[in-house]
Amino acid sequence: MEQKTFRRLARIFGKVVVYLAAIVLVCAAGLATWLYWRTHVCLAQLDGVVQLWGLQARVEILRDARGIPHIRAQSLDDLFFAQGYVTAQDRLWQMDLSRRLALGELSELFGERTLRLDIENRTLGFSQACERALGELDAGSRQMLAAYTRGVNAFISTRQGRLPMEFLMLRYEPRPWGEADSFAVALNMAKILNTSWPDELMRERIRAKVGPDLYADLFPDRSALDRPVAEFLPPAGTASPGGRATLLSQPAELAPWRGVLLSTPESSLADVGSNNWVVSGTHTQSGKPLLANDPHLGHGVPSVWYLVHLKAPGLNVAGASLPGLPAVTIGHNERIAWGVTNTGPDVQDLYVENFHFRDPKKYLHNGEWVEATEREEVIQVRGARDYHFAVQTTRHGPVISHDGNRDLALRWTALEPGGLRFPFWGINQAQNWQEFTAALREYAGPMQNFVYADLDGNIGFYAAGWVPIRKQGDGTVPSLGSDDDHDWTGYIPFESLPHAYNPASGIIATANGHIVPEGYPYFITSMWASPCRTARIYQLLEAGSHLTVADMLRIQTDIRTLEDQWIAQRLLGAAAQHPPETAEAQYALSLLPAWDGEARADSAATLVCEVTRRALRERILKPKLGDDLSGYHWPMSTVFLENVVSNGWTRWLPPGDADFNVTLMRSLEEGLRRIPALVDSRDHAAWRWGDTIPLTFQHPLGSVPLLRRWLNVGPFPQAGTGNTVKQTTSSHGVSMRLAVDFSDFDNSVQNITLGESGQVLSPYYKDQFEAWYNGRSFPMLFSDSAVERGTIHRLLLEPAK
């Protein structure tokens, strides 16, 4: 009887399980169907007619096979209105997230996990800086920005209930786009490219641990591989670094703030780089210049850049834009082309402020106690109480850190009056070198190495942006803020900034390395990038002749690693003097003689050199700096290692090592012990460099398990290293490739990492990835006939009646 009851209960339970499973499956299928439908409803309209308030006349949006919009308008106002509209079609959530990042509003969406970022940017006063910058705009730029803003808001207002899925998932709707929000996008990029204040604290820690000679060794500012491109030194009579040049606003005019402790950014200037170059017609197959650019930035979903072609009476320009900013940032018009790399100037200084212990609102300046400016900040935090804190500002800027018992104030050019300007409207319109440099004269930063070419065959370079002149010192460590001795007195005059025009060599290339020759009288930075990429680019350009666009792509994707070739040669030389004892080391050394220096994804030799170089760095530095080296990083550390080993600087010889041959062999053996953990195997067949630096393009919501496979792109093994021309790390790398052919603009090529759309079900979500990953590109259609032939979608924007 009991057995029958048990069987009956088991049958009932089985049916219940089946019914529940069926219900779950039906619900899941329903949810998936609904999400699929909902997401498709949210996709951009690519064809047909849309009527919009705010337009003066019809605008054509022609999209090519990659979904790149070619916008044809009858006025500049309508052109930038349409640019705002189509950018919002594809990237609205990215734009909203970007402004929230800058304005310190992420925690409204993501809760306490983003509170640190919000505190940082609230403390820096990004919101106040954006509003001030808007008021400083000239009339033409303000009109362009207003039109762009109206276009973005036209999209938002006409798509209620059909916005991108991220708004649905996070259960909110975007507020209207503001003109000041575009400055927020610009400030995010400035922060990425300019943040150097943590390096001051690092240098200070190192200086406290080692003597002046060792300190100087650690931070070389030159290398035999340097290729400075600046050809013009400041004219006679120009102010010296201690003199006054372009005058600053008086301290009383600064917009003041104060803050709580900021954490060191997760990435540094050492993580960010770019390449650009231009060659004159004497080096090309066509006899016309070629210009190439590949900016290196952090990877994510969607791509950093948005490709666009803008045409209206008085303007015809194509290239890469930043979502949220009007005009084209990198590209070409009918007469000129330009590309940029980060100069990496030191435009941030920390000042140790002395606050009164009884009256914490006052700080010392030239023997007097003066009042700091204070404001209250309130951050709304999803799922938690609002976060309140006070931000204080001294005459130098916001107090960003309480480092020990010190209050550190930050002065940064981007937060100065006039520190945020839009030069790209002028650049987009420029027809020659004179007009191009006139536009750059108005550019405050972040300082960039601009390369230039034009239809007449001219090529040029200008490192444009504000670089402070200091009364004393160079700002590489925190300075005393209680007097004026380390204050800024001006900026390097525009005419004295590094530049070159039609050099005799016919070649100009920059890759974040040293750009000024010996004798240049102004301090720009002490943190130049490793010279390896610059040197390799020059090797390839100078070895070539009759260069073509295909050659530009070949150079952009070059993976020859000069620093690992150096370590390979040193290891082989050291092994001859001090043979390794382990079979593992002997096997590793056997890989090196035939290696061609290419950091391929399947390269075992690259892996051996990379782990050895890291172990060598630790073996040399730890006796001087301590076991924890996590806070020590600088871009010229490779040059430091080469100097130590090549010059035999015994002051750096690790204790117990008879000579540097022993140091190299012990570093090899230590590096090899780390490989099994990196490749998750003890098999030599698993020694594949590319598997140790896998790349995943992470969507901001891609950490959610159910969404990860859907939204993220990757992981994929990679070729290249952090110092190859094709710069490769697990989180940063090539964000866009451009090659402009002045013999035929339609023969130019350009592509981004993933695709034009930020919406996962769009055919343009990641359609460019395969080409980007494999080093290919796509035609950059420019002429009317080429655009018409390449049109896949045609959308008409018409004035609403």
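Modeller: Gladly, starting with residue classes: Ala, Val, Leu, Ile, Met, Phe, Trp, Tyr, Cys and Pro count as nonpolar, Asp, Glu, Lys and Arg as charged, and the others, Gly among them, as polar. This is a predicted model, where local features need pLDDT of at least 70, side-chain atom pairs count only at pLDDT 80 or more, and totals for chains, interfaces and linings use all residues. Residues are numbered from 1 along each chain as its sequence is written, and side-chain values use heavy atoms, with hydrogens and water left out.

Colleague: What is a cavity, and what is a pocket?

Modeller: On a 1 Å grid over the protein atoms alone, a cavity is a set of points where a 1.4 Å probe fits but cannot get out, while a pocket is an open set with protein on both sides within 12 Å along at least five of seven lines; lining residues have an atom within 4 Å of a point. Points are joined across faces, edges and corners, and a volume is the space filled by probe spheres set on them.

Colleague: Which residues lie nearest the centre of the largest cavity?

Modeller: M189, L322, F424, Y443 and P446, out of 25 lining residues. The lining divides into 19 nonpolar, five polar and one charged. Its largest share, five residues, comes from α8 (helices, H or I, of at least four residues and strands, E, of at least two are DSSP runs, numbered from the N terminus).

Colleague: How much space lies in the largest pocket?

Modeller: About 1800 Å³. Its lining has 40 residues, with L97, L101, L117, I192 and H299 nearest the centre. α2 (76-103), α4 (115-124), α8 and β5 each give two or more residues to that lining, which divides into 18 nonpolar, 17 polar and five charged.
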